[in-house]
Structures are given as structure tokens and as C-alpha cells.
Amino acid sequence: MVEQFVGNWTLVSSDNFDDYMKTIGVNFATRQMGNMVKPNLVFSMGDDGFISMKSESTFKTTEIKFKLTEEFEETTADGRNTKTVVTFENGKLVQHQKWDGKETTIEREIQDGKLTAVRL
């Protein structure tokens, strides 16, 4: 279950991240900075059923709180306002974001004790 994500993680890989940022309109300088950052992600679960995902880096710190399968409003690190749904599928946290007629999906997975993220 999702409990396997609870704790502190340093993201070790983030596949397709530059292409993802380019597609959503992030400028070159910000993309370069984003590609260098390996954020610390802190996952926690509250008694109320909410999951917290806090991304901490020298560049920026953001936090979202959500319940699995329930849509919520998210302001992303790059300033987009999205309608987001997070699900747990096949051992992965799948974050699906929609905004301005666009959409993207981020899959986070623990492999060999390390957290990875793939932008689809």
C-alpha cells in the first residue's frame, strides 16, 4: 500500500523531466535549474486519511495534501494551478494534473529502496 512511501526520500532519478518542463512551457533557465535539483521528498499520512507530500530543495519547497482518488486544487512549483488526482496503482503513486486544456501524469515508485519519478 501507500504506506511504503511514508518517510524521507531523496529523488534519485526523474526520467523525461526536461522534456516535460519544455512541454508545459517552463523557460530554459528554470529548466536548467530544475534538472540539477534532486529534491528531498517527505511523505506522511494523517489520521484523517490525508497524505502529505512535501518537496524540499535549495530551489523551492512545496507541499500538497490529498486523499487518494479525490480531485484537489494544486499550485505546482512552476506556478500552474491544476486539478489533480493521485491514485495508487501497481505499487506506484500516480499523480494526474489537468490545467488550461492540458494534462500530464507523474508516476513515483520505490525501486531497490530508492524513489524514482517518471513524467508521462
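**Close-up views of a predicted model**

**View 1. The open sheet E1-E3-E4-E5.** Four strands form an open sheet in the order E1-E3-E4-E5, with antiparallel pairing. E1 and E5 stand at the edges with a single partner strand each, so one side of each has no neighbour in the sheet. From one strand to the next, the twist averages 15°; axes are lines fitted to C-alpha atoms, and angles run from 0 to 180 degrees between N-to-C directions. The model is predicted: local features need pLDDT of at least 70 and side-chain atom pairs count only at pLDDT 80 or more, whereas totals for chains, interfaces and linings use all residues. Residues are numbered from 1 along each chain as its sequence is written, and side-chain values use heavy atoms, with hydrogens and water left out. Strands (E, at least two residues) and helices (H or I, at least four) are DSSP runs numbered from the N terminus, and two strands pair if DSSP finds at least two bridges between them.

View 2. Strand E1 (residues 7–10) and strand E3 (residues 40–45) run antiparallel and are joined by four bridges. Within this pair, Thr-10 has Asn-40 of E3 as its bridge partner, and Trp-9 stands opposite Leu-41 in E3. Leu-41 in turn has Ser-55 of E4 as its bridge partner. E3 and E4, also antiparallel, are joined by six bridges. Five residues lie between the strands of the hairpin of E3 and E4, where Gly-49 takes a positive phi near 90°. Strands of a sheet pair through backbone hydrogen bonds, either parallel or antiparallel.

**View 3. The hairpins of strand E7.** E6 and E7 run antiparallel and are joined by four bridges. Their hairpin has five residues between the strands, and Gly-79 in the turn has a positive phi of about 90°. E7 also pairs with E8 in the antiparallel sense, over seven bridges. Thr-84 stands opposite Gln-97 in E8. The hairpin of E7 and E8 has two residues between the strands, with Asn-90 in the turn at a positive phi of about 50°.

**View 4. Salt bridges.** The structure holds four salt bridges, each defined as a side-chain nitrogen of Lys or Arg within 4 Å of a carboxyl oxygen of Asp or Glu. One of them joins Lys-83 to Glu-73, with the closest N and O atoms 3.0 Å apart. This pair links distant parts of the chain, ten residues apart, with Lys-83 in strand E7 (residues 81–89) and Glu-73 in strand E6. The two residues are also bridge partners in the pairing of the strands. Lys-83 is partly exposed, at 37% relative accessibility, whereas Glu-73 is exposed, at 64%. For these classes, buried means under 20% relative accessible area, exposed over 50%, and partly exposed in between (1.4 Å probe, protein chains only). Arg-80 and Asp-78 meet through their side chains in another salt bridge (3.0 Å, N to O); Arg-80 is buried at 10% relative accessibility, and Asp-78 is partly exposed with a relative accessible area of 36%. A salt bridge also connects Lys-92 with Glu-107, the closest N and O atoms being 3.4 Å apart. Here Lys-92 lies in strand E8 and Glu-107 in strand E9, 15 residues apart. Lys-92 counts as partly exposed, at 22% relative accessibility.

**View 5. The largest pocket.** About 710 Å³ of space lies in the largest pocket. A pocket is an open set of points on a 1 Å grid over the protein atoms alone, with protein on both sides within 12 Å along at least five of seven lines; a cavity is a set where a 1.4 Å probe fits but cannot get out, and lining residues have an atom within 4 Å of a point. Grid points are joined across faces, edges and corners, and a volume is the space filled by probe spheres set on the points. The pocket has 34 lining residues, of which Phe-17, Ser-55, Thr-62, Ala-77 and Arg-119 lie nearest its centre. Elements giving two or more residues to this lining include helix H1 (17–23), helix H2 (28–36) and strand E9 (102–111). By class, the lining has 15 nonpolar, eleven polar and eight charged residues. Ala, Val, Leu, Ile, Met, Phe, Trp, Tyr, Cys and Pro count as nonpolar, Asp, Glu, Lys and Arg as charged, and the others, Gly among them, as polar.

**View 6. The largest cavity.** The count comes to one cavity of 30 Å³ or more, and the largest cavity holds about 40 Å³ of space. Its lining includes Phe-43, Met-53, Ile-64, Gln-95 and Arg-108. E8 gives the most to this lining, with three residues. The lining divides into seven nonpolar residues, one polar and one charged.
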